[in-house]
Amino acid sequence: MTSIAVIGAGVTGLTTAYELIDRGFDVTVFDRNRYAAMETSFANGGQLSASNAEVWTQWGTVLKGLRWMLQTDAPLLVNPAPTFHKMRWMMEFLSNIPNYERNTVETVRLAIAARAVLFEMAEREGIDFDLERRGILHFYDRAKDLTHARKVNALLAEGGLVRRELAPDEIRDVEPALHGEFVGGFLTESDSSGDIHKFTMGLARACARRGADLRFGVDVDAVGHSNGRVHISASGRDDRFDGVVVCAGIGSRHFAKQLGDRVNVYPVKGYSITVALNDPQSQAAAPWVSLLDDRAKIVASRLGADRFRIAGTAEFNGANRDIRADRIRPLTEWCEKHFPGISTETVTPWAGLRPMMPSMLPHVGRGRAPGVFYNTGHGHLGWTLSAATARIVAADVAATAKPQTTLTPGASLAAA
Ligand SMILES: Cc1cc2nc3c(=O)[nH]c(=O)nc-3n(C[C@H](O)[C@H](O)[C@H](O)COP(=O)(O)OP(=O)(O)OC[C@H]3O[C@@H](n4cnc5c(N)ncnc54)[C@H](O)[C@@H]3O)c2cc1C
């Protein structure tokens, strides 16, 4: 049996491991944490959202970023201290502005394909992850934002996404718990939400049941290749494999360098709060439909009866996981403004680092050396896209074990 190592037990690593096991590979997963999904796949916004597929590579985002640089509670924050990596990444981000439309359409196609794969995995393995299939509602309180949303909607429709534009009174009908004055919105009924941590933990258990070797609490120090084999040195032990798939989140850039590849992932920090809905009043006052407030750049998802997750902000400040009170406060205030009946007495803050490519498309496919593959760099949409990219990369690994077909980054799921 062909042996494949997967570096990283976040959502991308475990979906990849699961797909590899399905294809008959002998899979070993490495992660430095004691459990699966302890880094970026821990407490994200919860949205499985093809409707959030718009990439950020456009002049509007850049101009807003510059305007917001001096405002500590702004949705986007850039630490002005220049580092070589940040400056280089930003130059590449700017060079991707001409690809804004193409990359948005590509992302929405991938997101639509990913849903079916993720639901299939969860059903097969009986994973309960607080899935809510009630759609995602985008809402707007300014006419100019709604006008932009209509333009984005045309791109999403080109990628195959069906959405419904809502008048203000229809917003109230769709989610009566939401307070505020709105000019309009969009409902994407096929989108959903759920707990990424519960899903990934469930998948880890399924992989273990199906024979994978899950090595937790093991720091991968070095990865290399020679004589057609990959070697991994982790926590004082050396192992050899027929192949490796790098799914190491913000650590992927470092491993790619060791393997002779360039995968320009930058850590883009975000925050979430999980509001405990401890009393019946709070439970009744919280929404069930997942929400996206486009102006505030905040997403929100109900996780079962007693949790409400609110997430947002993008911070370019290197691999820094500090939780800042001035970045958490706008999330709590947003909850109090739009859901005044929810008690915010018990709120758990969290910060995570989105592994972001400058093109905003994930890096999926082969490295230079034989047996080396990547499934990483999913940025703001890793939960949404991971099941599809896992299937693509696993099919590619399988293809190299058989007579060759070529799949390149951005390849379609149909090919898998
Ligand atoms: C605030 C916020 C909100 C978000 N909301 C959404 C959302 O609503 N919908 C959506 O689709 N996406 C969302 N995302 C994005 C999504 O959460 C990420 O894209 C996704 O979790 C990335 O998964 P990953 O497996 O690539 O990385 P990770 O989950 O970080 O996994 C990488 C793993 O690699 C391991 N690793 C790294 N280096 C080493 C090493 N040297 N040795 C051993 N192990 C190593 C780490 O321990 C880690 O477990 C959000 C992100 C943030 C921050």
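In the predicted model, M360 is found in the loop that runs between β18 and β19 (363–366). The phi of M360 is near 70°, a positive value in a residue other than glycine, although most residues other than glycine have a negative phi. With 24 other C-beta atoms within 10 Å, M360 is buried, because the threshold for burial is 20 or more such atoms. A positive phi is also found at D130, a residue other than glycine, where the value is near 55°. D130 lies in the loop between α4 and β5 (136–140), and with 17 other C-beta atoms within 10 Å this residue is partly exposed.

The domain assignment of the protein chain gives two segmented units, namely domain 1 (3–41 + 198–264 + 360–415) and domain 2 (48–194 + 266–356). The centres of domain 1 and domain 2, taken over C-alpha atoms, are separated by 26 Å. Across the boundary, 28 residues of domain 1 are in contact with 36 residues of domain 2. On the side of domain 1 that touches domain 2, α7 (196–209) and α11 each supply at least two residues, and α11 gives the most, with six residues. The residues of this side of domain 1 divide into 13 nonpolar, 12 polar and three charged.

The interior was examined next. In soluble globular proteins, nonpolar side chains tend to be buried together. The largest nonpolar core holds 121 residues, of which I4, I7, C207, V244 and V245 touch the most other members. Helix α4 (residues 100–125) gives the most to this core, with 10 residues. Because domain 1 and domain 2 both give residues to the core, it lies between them. The surroundings of V245 can be described in detail: when residues up to four places away in sequence are not counted, V245 touches I4, V6, T16, F373, Y374, N375, V393 and V397.

Notes
Residues are numbered from 1 along each chain as its sequence is written. This is a predicted model: local features need pLDDT of at least 70, side-chain atom pairs count only at pLDDT 80 or more; totals for chains, interfaces and linings use all residues. A nonpolar core is a set of buried Ala, Val, Leu, Ile, Met, Phe, Trp, Tyr and Cys residues joined through C-beta atoms within 7 Å. A residue is buried if 20 or more other C-beta atoms lie within 10 Å of its own, exposed if 12 or fewer, and partly exposed in between; C-beta atoms are placed from the backbone. Helices (H or I, at least four residues) and strands (E, at least two) are DSSP runs, numbered from the N terminus. Domain bounds come from an automatic or database domain assignment. Two residues are in contact if their C-beta atoms, placed from the backbone, lie within 7 Å. Ala, Val, Leu, Ile, Met, Phe, Trp, Tyr, Cys and Pro count as nonpolar, Asp, Glu, Lys and Arg as charged, and the others, Gly among them, as polar.
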